[in-house]
Amino acid sequence: MITAPPPKDDAVEGFTPSPVEPLAHQLLATLAQHRMATTHQLHILLRPDRTRQSVSQQLNTLRRQNLVEFAVLPQAYRSRVWYLTPKAARLTRGWPALRGRPPYPITSDSAASLKTPHTLTVLRTHLAFVADARRRGDEHGHLDWSPEVFHSIGDGERVVADAVMHYTVISGEHGEHRRKLRAFVEVDRTTMSSERLAAKLIEYARLWSYEPPPMGRRRPIGPGWLRWYPVFPRVLFVLTGAARPTLRNRISDLKAMVAQHPLVADFARDVRLGAAVLENVEAHGATADVWVPLAGGDKRSWSEL
């Protein structure tokens with residue numbers, strides 16, 4: 001049965017971006033972080049309590065200033081998908097909240113169209129977690145989701161996460177208990193083979209076990225991931241883009257990889273791994289019992305894998 005915790009009484013508005021910071025600044029930071037977004041997505045992410053028109057007006061102002069541009073999505077009622085101009089990419093590069101994010105400016109409508117389907121689906125996944133956090137009174141905002149995060153796994157290879165999520169679960173009568181969670185998120189639109197999808201688990205297992213060689217006379221520092229995370233993040237697979245039987249089969253293949261690959265099996269004993277269908281996450285909430293533990297067991301919340 002799908003269940004989700006009731007919302008806190010004092011969390012009607014939830015965690016939303018501060019209106020003290022100008023909307024223009026938040027729009028530029030969000031597009032720098034997420035590469036691109038539709039008007040609707042920006043409205044839900046940044047100003048859910050305001051009219052969509054207020055966001056549209058600010059975007060059009062930024063466009064007149066040559067800071068943002070848009071492409072039109074012909075298959076989505078001609079929705080606009082916004083992205084930064086090279087000028088804005090240079091402007092935002094040094095902002096504290098974006099420090100360390102590699103710039104990937106989009107320079108044309110054609111370049112935007114190539115990235116659009118996957119990028120917008122990854123952001124759609126983020127919005128599902130944002131909506132759930134607001135309902136529960138947890139903390140998960142527009143900059144707590146970093147797309148396209150690269151980590152070395154040795155031999156000149158690297159693992160690329162679709163996103164790294166930072167999420168704070170808040171509990172207690174006065175919100176005094178704060179549980180900080182992190183997750184690597186892989187968004188699967190059924191555009192690659194099921195075998196290639198399952199092989200992503202091997203890459204994450206290699207990252208988990210990878211220890212960089214010591215530099216000079218320095219002692220080994222342990223696993224490389226300790227440079228960025230106090231504990232290894234959960235790994236969440238979010239699937240969409242196919243009929244339910246196909247998505248169930250892909251989840252079964254992920255479970256089979258955990259059961260059959262020795263390194264992945266060791267990895268799964270130490271790290272929480274789960275998979276869910278995006279439409280279920282959106283319909284019931286990210287913290288509902290819609291996540292299949294890849295190491296076995298009943299469906300549960302992603303935070304309780």
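Here is a short walk through the sheet, the helices and a hairpin of this predicted model.

Before you click, note that residues count from 1 along each chain as its sequence is written. Local features here need pLDDT of at least 70.

Stop 1: Select β1 (36-38), β2 (68-73) and β3 (residues 79-84). They form an open antiparallel sheet in the order β1-β3-β2. β1 and β2 stand at the edges with a single partner strand each, so one side of each has no neighbour in the sheet. Strands here are DSSP E runs of at least two residues, and helices are H or I runs of at least four, numbered from the N terminus; strands pair if DSSP finds at least two bridges between them. Now pick Thr38: its bridge partner in β3 is Val81.

Stop 2: Angles run from 0 to 180 degrees between N-to-C directions, with axes fitted to C-alpha atoms, for helices over the stretch in contact.

**Stop 3: α2 against α3.** Show α2 (residues 39-46) and α3 (residues 52-64): they pack at about 115 degrees, axes 9 Å apart. Contact (heavy atoms within 4.5 Å) involves Thr39, His40, Leu42 and His43 of α2 with Arg52, Val55, Ser56 and Leu59 of α3.

Stop 4: Jump to β4 (residues 145-154) and β5 (residues 157-171), an antiparallel pair joined by eight bridges. Select Ser152 and you'll find Arg158 as its bridge partner in β5. Two residues sit between the strands, and Asp155 takes a positive phi near 55 degrees.

Notes:
This is a predicted model: local features need pLDDT of at least 70, side-chain atom pairs count only at pLDDT 80 or more; totals for chains, interfaces and linings use all residues. Side-chain values use heavy atoms; hydrogens and water are left out. Buried means under 20% relative accessible area, exposed over 50%, partly exposed in between (1.4 Å probe, protein chains only).
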